[in-house]
Amino acid sequence: MIASRLFFTEKLLEWNREVNTRSMPWKGEKDPYRIWLSEIILQQTRVEQGLPYYERFITHYPTVQKLATAPEEEVFRLWQGLGYYARCKNMLAAAREITNIYKGVFPREYEQIKALKGIGPYTAAAIASFAFNLPYAVLDGNVYRVLSRFFGIETPIDSTAGKKQFGELAMELLPPDQSAPYNQSIMDFGAIVCKPQQPLCQECPLNRKCIARQQQLVSLLPIKSKKLQIKKRYFNYLLVTFNEEIYIRKRTESDIWQNLHEFILIETAAPLDFTLLQATDAFKEIFQHTPFTVVNIAAPAKQQLTHQTIHSQFVTLAVEKPLQVKDYLLVSRKLLPKYAFPKTITTFLQSKSLQLF
């Protein structure tokens with residue numbers, strides 16, 4: 001086992017030095033702020049999607065102090081389209097913690113980094129090792145997959161026992177004096193060679209001792225014990241206009257898209273056409289005896305989130321007198337681009353077929 005571990009670490013570092021050509025703007029970066037920003041943006045996000053956001057954030061907020069003092073609405077608007085908006089909220093909170101507690105200097109200790117809002121063990125290890133070369137092993141999806149396959153580990157990676165086992169193994173494999181290049185190499189290796197689908201086993205420098213390859217387990221590892229349950233939700237958006245203004249509100253509840261804006265929303269348990277929607281108590285409560293004109297009913301839209309599928313219907317209505325709706329504000333339709341909306345709404349508003357805005 002010791003020989004296999006030495007082989008694993010040495011071959012990975014050799015591959016990183018001689019073969020790995022994966023290029024990213026933050027690779028080799030030593031500024032903890034930029035490393036942190038890239039890690040937060042890449043959580044649940046593909047590199048090609050996250051890269052333009054990283055570049056925009058660095059341009060707008062070149063330092064953590066600039067981010068900490070930025071208006072919240074401006075930051076959320078810059079994040080718009082990335083999804084998982086809790087990341088953005090936590091990122092702002094952490095920037096303010098760094099500014100207020102550490103006088104704008106990013107903390108250098110692993111435990112201090114991990115204590116910041118929205119930073120877990122993986123992100124803390126990445127910052128600690130890449131910025132300060134501290135001996136902490138990263139453990140993300142790529143690392144789980146490489147370790148599980150090479151060592152033939154069948155313990156589910158999402159179990160308590162699995163997290164403990166993989167965490168201990170990752171630290172044992174880490175060369176303390178080369179934590180940054182090792183962490184970079186194993187993450188890149190998982191992305192380039194030991195891929196989830198169609199891994200490059202034939203050209204893999206580890207294949208000689210890979211247990212998954214020897215025992216034909218490559219397609220079965222790593223193992224997850226929990227099957228993802230996808231929830232379906234049905235959002236009926238009412239774009240209610242009064243003169244040149246439209247009703248919007250900020251989502252403040254603990255749900256998806258917190259702190260983003262939306263139009264008047266009626267969520268239903270199943271898809272409803274507009275005739276059935278008008279018969280609901282929620283619709284009647286919103287309009288009461290206020291007459292309205294149907295301006296447009298758009299084709300249904302769908303947005304896939306990790307745990308939810310959002311089915312959206314957009315109905316544009318015009319009223320001749322204001323509605324009495326709690327928490328909603330009337331804003332000029334021309335000012336809509338200044339507000340941050342969920343992707344499903346921005347996609348609708350940017351539709352070429354939409355001539356209303």
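## A quick tour of the predicted model

Start with a word of caution: over residues 352–357 pLDDT stays under 50, and for this stretch the model has eleven contacts beyond four places in sequence. Where pLDDT is low, the predicted coordinates should not be read in detail. This is a predicted model, and the protein chain has a mean pLDDT of 92, with 98% of its residues reaching 70 or more.

**The nonpolar core**
- The largest nonpolar core holds 114 residues, and those that touch the most other members are Phe-8, Trp-36, Phe-57, Leu-67, Leu-147, Ile-186 and Leu-238.
- Helix 8, spanning residues 121–132, gives the most to this core, with nine residues.
- Leaving aside residues up to four places away in sequence, Trp-36 touches Val-64, Leu-67, Met-91, Ala-94, Ala-95, Phe-106, Ile-119, Thr-123 and Ile-127.

**Where two helices cross**
- Helix 9 (residues 141–151) packs with helix 10 (residues 160–173) at an angle of about 85°, and their axes are 11 Å apart.
- Angles of 65 to 115 degrees count as roughly perpendicular, and helix 9 and helix 10 are therefore roughly perpendicular to each other.
- On the helix 9 side, Tyr-144, Leu-147, Ser-148 and Phe-151 meet Lys-163, Phe-166, Leu-169, Ala-170 and Leu-173 of helix 10.
- Leu-147 is also one of the core residues that touch the most other members.

**A strand pair to look for**
- Strand 6 (residues 301–304) pairs with strand 7 (residues 308–319) in the antiparallel sense, over four bridges.
- To find your place in the pair, look for Gln-303, which stands opposite Ile-310 in strand 7.

Notes. Residues are numbered from 1 along each chain as its sequence is written. This is a predicted model: local features need pLDDT of at least 70, side-chain atom pairs count only at pLDDT 80 or more; totals for chains, interfaces and linings use all residues. Side-chain values use heavy atoms; hydrogens and water are left out. A nonpolar core is a set of buried Ala, Val, Leu, Ile, Met, Phe, Trp, Tyr and Cys residues joined through side-chain atoms within 4.5 Å. Buried means under 20% relative accessible area, exposed over 50%, partly exposed in between (1.4 Å probe, protein chains only). Contact means heavy atoms within 4.5 Å. Two strands pair if DSSP finds at least two bridges between them. pLDDT is the predictor's confidence in each residue, from 0 to 100. Axes are lines fitted to C-alpha atoms, for helices over the stretch in contact, and angles run from 0 to 180 degrees between N-to-C directions. Angles under 35 degrees count as roughly parallel, over 145 as roughly antiparallel, 65 to 115 as roughly perpendicular and the rest as oblique.
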